[in-house]
Amino acid sequence: MQQLKGLIQEAATLASPAPETEAARMLQICNACRYCEGFCAVFPAMTRRVDFNPVDMRYLANLCHNCGACLHACQYAPPHEFGVNIPRVMAQVRGETYVAYA
Ligand code: SF4
Ligand code: SF4
């Protein structure tokens, strides 16, 4: 029974990854694309990194002011299968930092 609970928990985690994990996945796509480079401070800061640990993600999320420009410009936004939605995922990570630090 305990093992089953562990498997269910693991499946739930895989189905809805932590915001930092999801943001890191999206920024890997952005780092290859770079179309939004001039939109705000997030993208130049992103290009200086090759991978995105949770600390980096909290920093980058707090550079975002949720203007939405990158979502409107993005060719990989939903319904594309990449599902890139930077403002939403940054807001989720930012929300966590407010709970933890503010
Ligand atoms: S938000 Fe979309 S268009 Fe902008 S850099 Fe990322 S993948 Fe490219
Ligand atoms: S929503 Fe955030 S990441 Fe996207 S362009 Fe605006 S400030 Fe930059």
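**Ground rules.** I am working from a predicted model, in which local features need pLDDT of at least 70, side-chain atom pairs count only at pLDDT 80 or more, and totals for chains, interfaces and linings use all residues. Residues are numbered from 1 along each chain as its sequence is written, chains are lettered from A and ligands numbered from 1 in the order in which they are written, and side-chain values use heavy atoms, leaving out hydrogens and water.

**Confidence.** I checked pLDDT, the predictor's confidence in each residue from 0 to 100. Its mean over the protein is 92, with 88% of residues at 70 or more. Helix α1 (residues 2-15) has the lowest confidence, a mean of 64, while helix α5 (residues 69-73) has the highest, at 98.

**Fold.** I counted six helices and zero strands, so the order from the N terminus reads α-α-α-α-α-α, where helices (H or I, at least four residues) and strands (E, at least two) are DSSP runs numbered from the N terminus. For contacts I took heavy atoms within 4.5 Å. Of the contacts with a separation of 6 or more, 59% join residues 24 or more positions apart.

**Core.** Next I looked at the largest nonpolar core, which has 25 residues. Such a core is a set of buried Ala, Val, Leu, Ile, Met, Phe, Trp, Tyr and Cys residues joined through side-chain atoms within 4.5 Å. Leu27, Phe43, Met57, Ile86 and Met90 have the most contacts inside this core. At least two residues each come from α2 (19-33), α3 (42-47), α4 (54-61) and α6 (86-101), and α2 gives the most, with six. Beyond its neighbours within four places in sequence, Phe43 touches Cys30, Cys36, Glu37 and Cys70.

**Ligand 2.** Which residues surround ligand 2? I listed Phe39, Cys40, Val42, Phe43, Cys64, His65, Asn66, Cys67, Gly68, Cys70, Ile86 and Pro87, taking a residue as near if one of its heavy atoms lies within 4 Å. In this shell, α3 and α6 are the elements that give two or more residues.

**Asn66.** I came back to this shell residue for its backbone: phi is positive, about 60 degrees, although Asn66 is not a glycine. Asn66 sits in the loop between α4 and α5 and is partly exposed, at 42% relative accessible area.

**Arg34.** Here is another positive phi in a residue other than glycine, near 65 degrees. I placed Arg34 in the loop between α2 and α3, and at 35% relative accessibility Arg34 is partly exposed.

**Pro79.** I found a cis peptide bond from Pro78 to Pro79, with omega near 15 degrees. Pro79 belongs to the loop between α5 and α6.

**Asp56.** Buried or exposed? I noted 16% relative accessibility, so Asp56 counts as buried. Asp56 is in helix α4, and its contacts, leaving aside neighbours within four places in sequence, are Arg49 and Asp51.

**Gln28.** I found Gln28 in helix α2, partly exposed at 38% relative accessible area. Leaving aside neighbours within four places in sequence, Gln28 is in contact with Val50, Asp51 and Phe52. I also checked Gln28 against Thr47: they are 19 residues apart along the chain, with C-alpha atoms separated by 9.8 Å.

Methods:
Buried < 20%, exposed > 50% of the residue type's maximum accessible area, 1.4 Å probe, protein only.
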